[in-house]
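Let us walk through this model together, moving from ring to ring and then out to the charged contacts. Keep the viewer open as you read.

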Amino acid sequence: MTRKSVIQKTGSGAWGVVILGFLTLALAFTVRGSLSLAMPAWQSEFGWSRSFISGIAAASLLVIAVIAPFAGGLVDRRGSRPLLVFGLAAIGVGIVLVASAQPGLTSWLLPIGFAGIGALGFGTIAQHVVAAAIAQRIEQNRGLAVGIGTAGSTAGQLLLMPALAFLMQSGEWRLAFLLLAASCFLLIPVAWLTLGGHAPASTARSHIHGESGAHTKPRSNLAALARSPVFHALFWSYAICGFTTTGVIETHLMPYAALCGFSPVPSATAYGVLSALNLAGMIAAGWLSDRVHRPLLLAFIYTARAGAFILLMFVADSYPLLMVFATLFGLFDYSTAPVTASYLASRLGVRVLGLSMGLLAAGHAIGAAAGAWAGGAVFDWSGDYRLLWIASVSLAMVATLLMIGLSDDERSRGVKLANA
């Protein structure tokens with residue numbers, strides 16, 4: 001049986017992987033985001049400071065940064081099934097430990113469960129692993145498929161966070177975590193069945209080696225990526241992406257809104273609009289990545305972010321202007337993920353897509369940690385966020401310049417090799 005016939009035979013079930021990726025990311029990112037909802041309850045029940053609980057979140061982010069490249073390399077060599085199954089199990093066990101923690105002798109279960117075992121799952125149930133799993137199976141409309149699958153990372157929070165907030169406001173934060181754990185465990189057999197067999201596109205030749213990736217070693221893959229100007233441009237732009245999105249906006253937008261005089265409800269409404277448009281932005285960017293020059297699309301996204309930060313400087317006490325910012329930034333917040341995955345798949349090959357996206361995810365997490373820290377440092381030093389917004393504009397424009405210099409000539413080559 002030829003490779004082409006294998007792709008056609010398995011292609012009918014490939015979109016099931018997209019749905020599975022959407023669901024797993026929805027759960028993982030909802031659990032990650034639940035810490036901010038549970039923070040007041042944990043402060044009250046365990047007597048911990050806000051900085052200590054924030055440290056739990058920071059520790060989990062660092063674990064993700066360490067795990068991401070290894071998870072990416074494993075998905076190239078072993079496929080996505082063991083990773084997603086392990087990730088779901090780790091998150092489930094981790095949050096069972098969180099729910100089991102009691103003030104006193106067992107309080108240590110909470111940080112171990114969330115920032116230890118749970119974080120191992122967060123590092124494997126990640127956008128780059130899902131993107132690689134989808135890209136290895138879908139050739140036509142790859143960008144759109146990756147966009148839909150990875151959109152679960154924001155859609156889950158949009159759909160599940162209100163239910164979690166209701167439970168936690170009722171004092172049932174442990175029940176909320178146990179329900180999330182049960183969902184993870186129930187999804188494990190679904191993942192095992194859906195991801196059976198090897199990805200059909202995994203036999204494609206790696207463009208950085210010119211040979212089948214199955215016969216290359218991780219060390220040689222790393223060396224080849226280190227010599228690739230394309231990879232370096234994407235890595236540093238993705239680190240900037242982490243700084244300006246997860247680091248700056250997800251950490252400091254709500255405090256900035258409070259500084260501008262907005263109460264929690266309208267501030268949360270603005271953030272909800274931003275999250276809702278993340279979903280539309282990711283799918284639209286994925287669709288466009290199949291049709292336009294992808295580096296220029298990435299350059300446009302980073303430039304739009306810079307413009308949004310300029311707008312943010314003038315919000316002051318204007319709520320309509322805050323909503324305009326939420327709308328604009330929401331469209332371009334997570335939209336780099338499907339475009340980057342599609343571009344890497346055709347430029348460097350699907351055989352190293354997991355490793356390359358994993359390294360980018362590590363850079364993104366480190367950039368996010370830097371952005372979160374920088375925001376606090378800038379505010380403590382100056383009393384406002386203006387310097388942070390200026391730094392974010394400048395870095396976003398650096399990312400734009402990194403993308404402008406890249407070509408998209410390898411698109412046709414990647415498709416040809418994958419179907420040869």
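**Rings, charges and cover**

R32 lies over the face of F29, 4.5 Å from the ring centre. A charge counts as sitting over a ring if NZ of Lys or CZ of Arg is within 6 Å of the ring centre and within 35 degrees of the ring normal. You can find another such contact at W192, where R81 lies over the ring face at 3.8 Å from the centre.

Before going further, a word on what you are looking at. This is a predicted model, in which local features need pLDDT of at least 70 and side-chain atom pairs count only at pLDDT 80 or more, while totals for chains, interfaces and linings use all residues. Residues are numbered from 1 along each chain as its sequence is written, and side-chain values use heavy atoms, with hydrogens and water left out.

Now to the rings themselves. The structure holds 17 aromatic pairs; rings of Phe, Tyr and Trp (its six-membered ring) pair if their centres lie within 6.5 Å, and planes under 30 degrees apart count as stacked, over 60 as edge-to-face and the rest as tilted. One of them joins W42 and F177, a stacked pair with 6.0 Å centre to centre and 25° between the planes. W42 belongs to helix α2 (residues 14-46) and F177 to helix α9 (residues 173-194), so the pair ties together parts that are 135 residues apart in sequence. Helices here (H or I, at least four residues) are DSSP runs, numbered from the N terminus.

Y256 and Y385 make an edge-to-face pair, because their ring centres are 6.0 Å apart and their planes stand at 85°. This pair links distant parts of the chain, 129 residues apart: Y256 is in helix α11 (residues 229-259), and Y385 is in the loop between α16 (353-382) and α17 (386-404). Y256 and Y385 are both buried. They also belong to one aromatic cluster, formed with F309, F325, F329, F379 and W389.

For cover along a whole helix, turn to α6 (residues 127-135), where nine of the nine residues are buried. Among them are Q127 and H128, as well as V129, V130 and I134.

The salt bridges come next. How many does the structure hold? There are two, where a salt bridge is a side-chain nitrogen of Lys or Arg within 4 Å of a carboxyl oxygen of Asp or Glu. In one, R174 meets E45, with the closest N and O atoms 2.5 Å apart. R174 lies in helix α9 and E45 in helix α2, so this pair ties together parts that are 129 residues apart in sequence. E45 is partly exposed, with a relative accessible area of 29%.

The side chains of R294 and D408 also form a salt bridge, at 2.8 Å from N to O. Because R294 lies in helix α13 (residues 294-312) and D408 in the loop between α17 and α18 (411-418), the pair ties together parts that are 114 residues apart in sequence. Both partners count as buried: R294 at 2% relative accessibility and D408 at 9%.

Notes:
Helix = DSSP H or I, 4+ residues; strand = E, 2+ residues; numbered from the N terminus. Buried < 20%, exposed > 50% of the residue type's maximum accessible area, 1.4 Å probe, protein only.
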